[in-house]
Amino acid sequence: MSELRAQARLALLACSPDDKLGALAEMGVDLPIDSGVDLVSGVAPAPGRPVRPTLVAPRLLKPRGLTSITGRATLVHALAHIEFNAVNLALDALVSFAGMPVDYYHDWAEVAREEASHFALLRAHLVTLGYEYGDFPAHDSLWEMAEKTRGDVLARMALVPRTLEARGLDASPPLRAKLAQAGDEVAAAILDVILRDEVGHVAIGNRWFAWLCAQRAIDPLVAYAQLAEQFRAPLPRGPFNHEARRAAGFTEAELVALERAAAR
Ligand SMILES: [Fe+2]
Ligand SMILES: [Fe+2]
């Protein structure tokens, strides 16, 4: 029988989407967990990804209108790419950080499984639009934050789930509305599933960020502001999805700080 974090490492390294989904399917909830083993030993594993999509600078990706099928496919592809990266990010949270409580690894394994299901839903929808994952270029800015925060699990929790995934909560409702308006009810329904699950992912980020702050006896608000600056988090931009952020466990003080940072 394999071990959860070792299996997560295999899934992280798998390149083709099918290999990655297959390795994840083997990552069962009943696997034993060795929280102590160092799986990176100075050399962080590069996340496996397919040869295509071609990775380009974000500014080279032109948004297209949603009235054409190609325009919609471009957007669905971009979302599938985000979810593919999210699978790798969740797996890396298990692989790169030893010494956390067992529940931490269960939480991020569950996130990895859900991200994989989001990717699979979007990829299947993309096929109905006449395209495959890999047919459009994509960018790599999500993984860059994983690299930057590799040295400290507190920074990872602050910057990835609590910043990048939380931005997804804000972005989701207007995007859903646009897709529904363009007549793509299937994509709109997929976004409903994703938003519901993403609230849980951000909640998990909040859970472990709070746990680490308590353990290190630091103030979460102060620590977050400091880490956002140190790691050059993308500047917050409203409007914010207060309802979803509250459901994910952000406090009123944190929401006020967010609005203030966005107004600066
Ligand atoms: Fe997701
Ligand atoms: Fe997520």
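Me: How do the residues of the lining of the second largest pocket divide into nonpolar, polar and charged?

Reply: In this predicted model, that lining divides into 14 nonpolar residues, one polar and eight charged, where Ala, Val, Leu, Ile, Met, Phe, Trp, Tyr, Cys and Pro count as nonpolar, Asp, Glu, Lys and Arg as charged, and the others, Gly among them, as polar. Residues are numbered from 1 along each chain as its sequence is written, and chains are lettered from A and ligands numbered from 1 in the order in which they are written. Local features need pLDDT of at least 70 and side-chain atom pairs count only at pLDDT 80 or more, while totals for chains, interfaces and linings use all residues, and side-chain values use heavy atoms, with hydrogens and water left out.

Me: How much space lies in the second largest pocket, and which residues are the closest to its centre?

Reply: Rolling a probe the size of a water molecule over the atoms shows where empty space is left. A pocket, on a 1 Å grid over the protein atoms alone, is an open set of points where a 1.4 Å probe fits, with protein on both sides within 12 Å along at least five of seven lines, and its lining residues have an atom within 4 Å of a point. Here the second largest pocket holds about 590 Å³, as the space filled by probe spheres set on the points, which are joined across faces, edges and corners. Of its 23 lining residues, Y224, A228, P236, A261 and R264 are the closest to the centre.

Me: Which element gives the most to this lining?

Reply: Helix α10 does, with six residues; helices are DSSP runs (H or I, at least four residues) and strands likewise (E, at least two), numbered from the N terminus. The protein chain as a whole has ten helices and zero strands.

Me: Is L179 buried or exposed, and what is it in contact with beyond its neighbours within four places in sequence?

Reply: L179, which lies in helix α6, counts as buried because its relative accessibility is 0%, given that buried means under 20% relative accessible area, exposed over 50% and partly exposed in between (1.4 Å probe, protein chains only). With those neighbours left aside, L179 is in contact (heavy atoms within 4.5 Å) with L66, R72, L75, D184, A187 and L191.

Me: How many disulfides are there?

Reply: A disulfide is a covalent bond between the sulfur atoms of two cysteines. With the cut-off for such a pair set at within 2.5 Å, the count comes to zero.
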